[in-house]
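Colleague: Could you walk me through this model?

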Amino acid sequence: MSEFLVEAVGLSVRYGSKAAVDDVSFTIPKGRVVGLLGHNGAGKTTLMRALVGLAKPEGKLSVLGLSPRAQRQELLTSVCYIPDVAILPRWARVGELITLMSGLHPKFSAERARALLRRTSVGLNDKVKTLSKGMVVQAHLALVAAIDARLMVLDEPTLGLDVLSRKAFYEMLIDEWCDGERSVLISTHQVEEVEALLSDVLMLNEGKLVLSTSLEDMDRRFVALSHDPAVAEQMAAAHPLLRYRVMGGSAALFDGAPPDSVLALGQRVRPSLVDLFVALTRKPELDRTQF
Amino acid sequence: MPTWNDKFPIYQQLADVLVAGLLDGEPADGEAMPSVRTLASRYLLNPLTVTRALQALGDSGLLENRRGLGHFVTPGARERLKQAERQRFLGEEWPRLRTRLRRLDIGAEHLQWESK
């Protein structure tokens, strides 16, 4: 079997004549936490749906060595997925959901689900409708993380949660899921918050993959320079990807190191994922380079 | 959530945090460092970032990686760190501080040495 959990080559998903995902190629090795970033409508959800066999792709797509459409049943024993529209039945008790999952999924461990839930304030006798939004999402994560799968796909799992619930969610994810073998693909708009959690990032813009890199390579490839506003013109002349404001001055972001003469004008800072996201996915009408 | 600055790579910032712990004797010489997963969830960091930080401390001789057992604080690491920090303070910080104290006319007699 391939060393990659996910391998996509020239993958497209079309709705009518519109390509929601447009000719993207990427791989996800084992043991990674991959962030899928993009504006609303960029194709994140469609891409995730293709990975779990819910959307019909063109091109080559292999997930755990399987074809998500043709071998969906087999695939679903080793992939777990929380869609962006995920709901748990409001009338059910959490303990009943565990019983249900035990009957439905061959690799679900009820014992593990109960252990995961003990981390949270959710009780087995609680009805879903009595839980807060943050607790529902945590219960949901506990249920899918109790599946002995190799890939977890999470579509904006923390949308609408307060900061404490998001923190608890990510703690459980790092603590209980990431073991160096399993991988997770997670889409979110809270770019700043997840940056430190990620090992890799995939960035979609209008269906196209504009960046696919490990965070380690990103630090090496992109150069951010904070500089005095007085040298702004020289910076602009070196064609940065983006110019933005930082505390106490301005900064410019370059793809690859700019000439030494330009490097000498500023101080190198860590390029942040948010800045890169803005630089690579901005729409022409939102162009912020001129300020 | 912990905040990381934009000046240095995150693994380096975590290494600095861990070094500060070692200086305080946490963990003490010869003792085991917390596991990668423990640190990852404590600081909400990707485990690979944590591994890089531990490797960096290993490269500078502060930690030993015992295969399968994890990272341990090298005997004498704390003392070496303390010496290095002392030198840095006396060489870099103290001259700046001294200049500032002189400018403010603060002498030894104005300084409270006993912490309350």
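Colleague: Of the residues of chain A, what percentage count as buried?

Modeller: Of its 291 residues, 42% count as buried, meaning 20 or more other C-beta atoms, placed from the backbone, lie within 10 Å of the residue's own. This is a predicted model, where local features need pLDDT of at least 70 and side-chain atom pairs pLDDT 80 or more, while totals for chains, interfaces and linings use all residues. Residues are numbered from 1 along each chain as its sequence is written, with chains lettered from A and ligands numbered from 1 in the order in which they are written.

Colleague: How many helices and strands in chain A?

Modeller: Chain A has 11 helices and 13 strands (DSSP runs, H or I of at least four residues and E of at least two, numbered from the N terminus).

Colleague: Where does Val144(A) lie?

Modeller: Val144(A) is in helix α5, residues 133-145.

Colleague: Why is Val144(A) buried?

Modeller: Because 23 other C-beta atoms lie within 10 Å.

Colleague: Which residues does Val144(A) touch?

Modeller: Leaving out residues up to four places away in sequence, Val144(A) touches Cys80(A), Ile82(A) and Met152(A); contact requires C-beta atoms, placed from the backbone, within 7 Å.

Colleague: Switching to chain B, how many of its residues are in contact with chain A?

Modeller: 16 residues of chain B contact 17 residues of chain A. On the chain B side, α2 (36-43) and α3 (47-59) each supply at least two residues.

Terms used: Buried ≥ 20, exposed ≤ 12 C-beta atoms within 10 Å, placed from the backbone. Contact = placed C-beta atoms within 7 Å.
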